[in-house]
Amino acid sequence: MRTAPHELDEENLVRLVARGDRGAFEELYRRTSPWMAVRLRRRCADEQVVAEVMQETYLAVWRAAGAFAGAAAGGTAVGWLWTIAARRLVDAFRRRAHHAEPPLAAAPQPVAPAAEEEALAASVGGDVGDALRRLAPELREVLQAMVLDGLTVRETAVLLGLPEGTVKTRARRARIAMREALT
């Protein structure tokens with residue numbers, strides 16, 4: 001007797017997707033696309049880019065589900081999906097930057113906070129938010145991935161393209177800096 005897709009966890013859904021199971025893919029999409037869109041919007045305000053990244057992510061999931069190593073490699077299906085999406089978002093930013101027209105040198109450019117900074121300010125306020133915003137960018141991105149996004153050290157390392165040891169060191173440095181800023 002086969003288990004219905006809505007009764008399976010995400011890891012088993014990915015394994016069924018690897019076998020070409022459209023029902024499992026639809027269930028995986030139904031389950032993960034809402035939070036995926038929210039997380040992408042935290043990093044990018046352009047809905048068109050978010051929609052493109054979502055489409056590219058799930059197309060990659062359909063094509064590469066067989067490559068998912070799962071818990072055997074210390075990962076989760078959700079972390080794997082997010083890693084794919086984050087890479088696609090970086091690719092979209094790179095494409096956009098490559099095709100962008102250079103700004104006119106004479107025109108003053110207004111300084112606006114990055115979408116990620118605005119989302120961070122909206123989600124974390126007060127003394128904690130101030131301390132977080134004062135962190136060095138490389139420390140803040142590790143802390144955000146691990147604490148706000150809930151990624152593991154391994155998933156954070158993959159997402160940021162860093163060795164796991166570097167992620168651990170930066171996370172420790174970020175915690176120490178936060179502790180000092182809040183005392």
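Q: Which helices each supply at least two residues of the lining of the second largest pocket?
A: In this predicted model, α4 (77-99) and α8 each supply at least two residues of that lining. With four residues, α4 gives the most.

Q: What lies nearest the centre of the second largest pocket, and how many residues line it?
A: The lining comprises 13 residues, and G75, W80, T83, E155 and V158 lie nearest the centre. The space in this pocket is about 190 Å³.

Q: How do the residues of this lining divide into nonpolar, polar and charged?
A: The lining of the second largest pocket has five nonpolar, five polar and three charged residues. Gly counts as polar and Trp as nonpolar, while Glu counts as charged.

Q: Why is α7 called oblique to α8?
A: Helix α7 (residues 137-148) and helix α8 (residues 153-160) pack at about 130 degrees, their axes being 9 Å apart. Angles of 65 to 115 degrees count as roughly perpendicular and those over 145 as roughly antiparallel; α7 is therefore oblique to α8. The crossing of α7 past α8 is right-handed.

Q: What makes up the contact of α7 with α8?
A: From α7 come E141, V142, A145 and M146, which meet V153, T156, L159 and L160 of α8. By class, this contact has six nonpolar residues, one polar and one charged.

Q: Why is α7 called roughly perpendicular to α9?
A: The angle between α7 and helix α9 (residues 164-182) is about 100 degrees, and their axes are 8 Å apart. The range for this term is 65 to 115 degrees, so α7 is roughly perpendicular to α9.

Q: Which residues of α7 and α9 meet, and how do they divide by class?
A: E138, L139, E141, V142, L143 and M146 in α7 meet V167, R170, A171, R173, A174, R175 and M178 in α9. The contact of α7 with α9 has eight nonpolar and five charged residues, with no polar ones.

Q: At what angle do the axes of α2 and α3 cross, and what is the hand of the crossing?
A: The axes of helix α2 (residues 22-43) and helix α3 (residues 47-64) cross at roughly 145 degrees and come within 10 Å. α2 passes α3 in a right-handed crossing.

Q: What does the contact of α2 with α3 hold by class?
A: It has 12 nonpolar, three polar and three charged residues. Among the residues that meet are F25, Y29 and M36 in α2, and V50, M54 and W62 in α3.

Notes:
Residues are numbered from 1 along each chain as its sequence is written. This is a predicted model: local features need pLDDT of at least 70, side-chain atom pairs count only at pLDDT 80 or more; totals for chains, interfaces and linings use all residues. Side-chain values use heavy atoms; hydrogens and water are left out. Axes are lines fitted to C-alpha atoms, for helices over the stretch in contact, and angles run from 0 to 180 degrees between N-to-C directions. Angles under 35 degrees count as roughly parallel, over 145 as roughly antiparallel, 65 to 115 as roughly perpendicular and the rest as oblique. A crossing is left-handed if the near helix is turned anticlockwise from the far one by less than a right angle, and right-handed if clockwise. Contact means heavy atoms within 4.5 Å. On a 1 Å grid over the protein atoms alone, a cavity is a set of points where a 1.4 Å probe fits but cannot get out, and a pocket is an open set with protein on both sides within 12 Å along at least five of seven lines; lining residues have an atom within 4 Å of a point. Grid points are joined across faces, edges and corners, and a volume is the space filled by probe spheres set on the points.
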